[in-house]
Amino acid sequence: MVIVIIKMKALPEKWLELKQSVLALAEPTRKEKGCLGHDIFQDIENDNGLSLIDLWENREDLDAHLRSDTFTVLMGTRYLLSRPLEITMNEVSHSSGWEAVEAVGG
């Protein structure tokens with residue numbers, strides 16, 4: 001699985017345009033092959049901040065997404081930002097849940 005985190009901070013006067021653009025791209029992204037999840041979060045400490053968290057089945061599906069029209073449109077929103085967007089990609093080979101917390105006595 002690949003986890004992609006994209007952090008964006010809009011120019012104050014461009015906040016609504018960024019939000020609308022990101023929301024319009026959500027459903028097409030979720031329908032792409034290999035997309036396990038695509039969530040959008042507003043930063044509660046910064047009114048102009050958004051984070052996107054995508055889960056992809058594998059790197060090949062993510063690479064196809066990075067070449068897609070949907071991702072191209074997302075990259076086109078960069079002019080709405082007050083600073084360059086931050087992208088982090090993490091390849092996960094193993095994950096665990098609540099049982100890991102219980103195992104250490106949590």
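This briefing covers the nonpolar core, the cavities and the salt bridges of the structure above.

The structure is a predicted model, in which local features need pLDDT of at least 70, side-chain atom pairs count only at pLDDT 80 or more, and totals for chains, interfaces and linings use all residues. Residues are numbered from 1 along each chain as its sequence is written, and side-chain values use heavy atoms, with hydrogens and water left out.

**Nonpolar core**

- The largest nonpolar core has 20 residues; such a core is a set of buried Ala, Val, Leu, Ile, Met, Phe, Trp, Tyr and Cys residues joined through side-chain atoms within 4.5 Å.
- Buried means under 20% relative accessible area, exposed means over 50%, and partly exposed lies in between (1.4 Å probe, protein chains only).
- Ile-6, Met-8, Leu-18, Val-22 and Leu-74 have the most contacts inside the largest core.
- Two or more residues of this core come from each of β1 (2-9), α1 (15-30), β3 (49-56) and α3 (69-75).
- These elements are DSSP runs numbered from the N terminus: helices (H or I) have at least four residues and strands (E) at least two.
- Beyond its neighbours within four places in sequence, Leu-18 is in contact with Met-8, Ala-10, Leu-50, Thr-77, Leu-80 and Leu-81, where contact means heavy atoms within 4.5 Å.

**Cavities**

- The whole structure holds two cavities of 30 Å³ or more.
- On a 1 Å grid over the protein atoms alone, a cavity is a set of points where a 1.4 Å probe fits but cannot get out, and lining residues have an atom within 4 Å of a point.
- Grid points are joined across faces, edges and corners, and a volume is the space filled by probe spheres set on the points.
- The largest cavity has about 80 Å³ of space, and its lining includes Ile-6, Val-22, His-38, Asp-54 and Leu-74.
- Helix α1 gives the most to that lining, with four residues, while α1, β3 and α3 each supply at least two.
- The lining of the largest cavity divides into seven nonpolar, four polar and one charged residues.
- In this scheme Ala, Val, Leu, Ile, Met, Phe, Trp, Tyr, Cys and Pro count as nonpolar, Asp, Glu, Lys and Arg as charged, and the others, Gly among them, as polar.
- The second largest cavity has a volume of about 30 Å³ and is lined by Val-4, Ile-6, Asp-54, Trp-56, Leu-62, His-65, Leu-66 and Phe-71.
- β1, β3 and α2 (59-66) each give two or more residues to this second lining, and α2 has the largest share with three.

**Salt bridges**

- The structure contains five salt bridges, each a side-chain nitrogen of Lys or Arg within 4 Å of a carboxyl oxygen of Asp or Glu.
- Lys-14 pairs with Glu-17, with the closest N and O atoms 3.9 Å apart; Lys-14 is partly exposed at 27% relative accessible area, and Glu-17 is partly exposed at 32%.
- Glu-27 and Arg-30 form a salt bridge at 3.7 Å, N to O, and both lie in helix α1, three residues apart, about one turn of the helix.
- Glu-91 and Arg-59 form a salt bridge at 3.9 Å, N to O.
- Glu-91 is in strand β4 (residues 86-91) and Arg-59 in helix α2, so this pair ties together parts that are 32 residues apart in sequence.
- Glu-91 is exposed, at 59% relative accessible area, whereas Arg-59 is partly exposed, at 30%.
- Arg-59, Asp-63 and Glu-91 are linked in a network of salt bridges.

Definitions and conventions. 1 Å grid on protein atoms, 1.4 Å probe; cavity = no way out; pocket = protein on both sides within 12 Å on 5 of 7 lines; lining within 4 Å.
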